[in-house]
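This report is meant for someone meeting the structure for the first time.

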Amino acid sequence: MKEAVIHLTARVSRASYAVRVLILFACLGMVLYRHTGAYAGSSDTSGYMNDARLLADGELHPHQRAIGGIPPASLPFMGYIPLGFLPLAGDRMYPTYPMGMPLCILLGSIFLGWGAGPSVVIWLHAMACLAATLLFFRQLKVGRELSLLGAMILGTSPLFLFMSLQTMSDTPATLWATLTVLACLRSSGKPIYAALAGVVFSYALLVRPTALLMAFPVVLLLPPTRRHYLLFIGGAAPVLAGIAALNRMVYGSALATGYGNVYDLFGVRFLHETLLNYVSSLPKELTPLVALIIIFPFVRGGIASRQKVGLWLWILALFGFYSVYFCTHETWWYLRFVLPAFPPLIAIAMLVLSPAARKWPHFAMAGWILLAAGILAWNANWTSKLAATAIGDFEQVYPETCDYLRLRTPPASVVMCMQASGAVFYYTNDVIVRSDSIGNNDFMRIAGACEKSNRSIYMVLFPFERDAALARFSRGRWQLAAMVRDVGIYRLAGLK
């Protein structure tokens, strides 16, 4: 009788856990569905969308759209180049962003079209990331309740939501990093998972080249046997060969990336402010429970020492690398670069709580309810304050602006722009002139050439670039043609 009661209690507990997991995933799925904005927008989002379109067309080095009589070589560097591209010799250009995310967007668009496909792709990445993180916590034997709490921290994090609602690679990078570690951990029971870890790790490099930093934790989280390491290398090799071939095709070298020389973007001078941003932003994005990592070195048991060091290397490799990157310090959402290290941070916090949960099992459910309520309240508050779920709606201003250009302006117009240049390239066939690259003399030549060929000139300006651009090209008589939200579309009515 006693065994039957214990068995029934266990079944009820498992069913209750499964229900709560389904509720979490259903709620997050609905929030993401409601607020997703998978558009070609600013540099990153338009870059990934344009890359996907190039892959679909089989043309990775598109021609620059030029004005007759003004070849690309006659304009300053980047004169005809939209955001997300760099110029090649002649009149061509090449994409700068890694192809991992564009490949996924292309796959989704083949089945669902270019309207719904990108949105479904980023939604699936977010949901898969949450599932992989939950499985990662369970693999570490954090416990069912704390694993669910950890997944809740990530899924409702303002930063996770912010990056999962737009066409960005940060959530996919987090997914592939977590899957790599999960496969490494599972390979202790089934060595074939080591080969899967190699495949996933190499694809993570295609999503974001700095996933190479994951090699540090992988060395420790894989079982330390020759067989496991050889399986990992064997799994990685074919994908790495494909990446090398793609890099050679796009960038001219197997080891090259589209980022070019980035050494000037790093410096110890950024370290102090970045550390301050880490300290001030992490509690907002991961709740104050993230402070429990300070206690972790003193917690006995839980997981093997090798795994503890592996988790620390996962965190320190990413946080250390981006601590000297030029923009990580600027604002809360620039911690997106270290988003792939959020799962181990949360796991450590849950591992610190785990001994208490085992010691006082009678208080586990009450404690779980209180912590869950606190986490949801904290993250909801900061999500609202940071307007984290509004980014999808904000990104929609780019296609709305391009709809005006495409439908309300003459064909083959010339559009001077910077912030909107990647979107204009994606959504229209207009010639793009980078307003931040050309000078007043270049503008006069362009205006003269367009007058001869009877082409209209428009300028698309976001608020932060409006005053400087209108002042730089003050020899033109600019008339406001339309306002799309706060984006001004100006028509050149003549010269002064």
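## A parallel pair of strands

Strand S3 (residues 414-417) is joined to strand S4 (residues 431-434) by four bridges, and the two run parallel; strands here are DSSP runs of E with at least two residues, helices are runs of H or I with at least four residues, and both are numbered from the N terminus. Two strands are taken to pair if DSSP finds at least two bridges between them. Within this pairing, methionine 416 has valine 433 in S4 as its bridge partner. Val414 and Met416 point one way from S3, while Val415 and Cys417 point the other way, and all are buried, where buried means under 20% relative accessible area, exposed means over 50%, and partly exposed lies in between (1.4 Å probe, protein chains only).

## Basis of the model

This is a predicted model, in which local features need pLDDT of at least 70 and side-chain atom pairs count only at pLDDT 80 or more, whereas totals for chains, interfaces and linings use all residues. Residues are numbered from 1 along each chain as its sequence is written, and side-chain values use heavy atoms, with hydrogens and water left out.

## The protein as a whole

The secondary structure comes to 18 helices and seven strands. The radius of gyration of the protein is 25 Å, close to the 23 Å that the globule rule gives for 496 residues, so the protein is as compact as a globular protein of that length; the radius is taken over C-alpha atoms, and the rule is 2.2 Å times the number of residues to the power 0.38. Along its principal axes, the C-alpha trace spans about 95 × 45 × 45 Å.

Of the 496 residues, 54% count as buried. Among contacts (heavy atoms within 4.5 Å) between residues at least 6 apart in sequence, 74% join residues at least 24 apart.

## The hairpin of S6 and S7

Strand S6 (residues 476-484) and strand S7 (residues 487-495) run antiparallel and are joined by seven bridges. Glycine 476 has leucine 495 in S7 as its bridge partner. The two strands form a hairpin with two residues between them, and arginine 485 in the turn has a positive phi of about 55 degrees.

## Loops with a positive phi

Lysine 141, in the loop between helix H3 (100-139) and helix H4 (144-155), has a positive phi of about 60 degrees although it is not a glycine. Lysine 141 is exposed, with a relative accessible area of 63%.

Asparagine 454 is found in the loop between helix H17 (440-452) and strand S5 (457-461), and its phi is near 60 degrees, a positive value in a residue other than glycine. With a relative accessible area of 73%, asparagine 454 is exposed.

Threonine 156 lies in the loop between H4 and helix H5 (158-164), and at 17% relative accessibility it counts as buried. Leaving aside neighbours within four places in sequence, threonine 156 is in contact with Leu161, Ile375, Leu376, Asn379 and Thr383. Threonine 156 and leucine 140 are 16 residues apart in sequence and 21 Å apart in space, C-alpha to C-alpha.

Glycine 320 belongs to helix H11 (residues 305-322) and is partly exposed, with a relative accessible area of 36%. Between glycine 320 and valine 338, 18 residues apart in sequence, the C-alpha to C-alpha distance is 9.4 Å.
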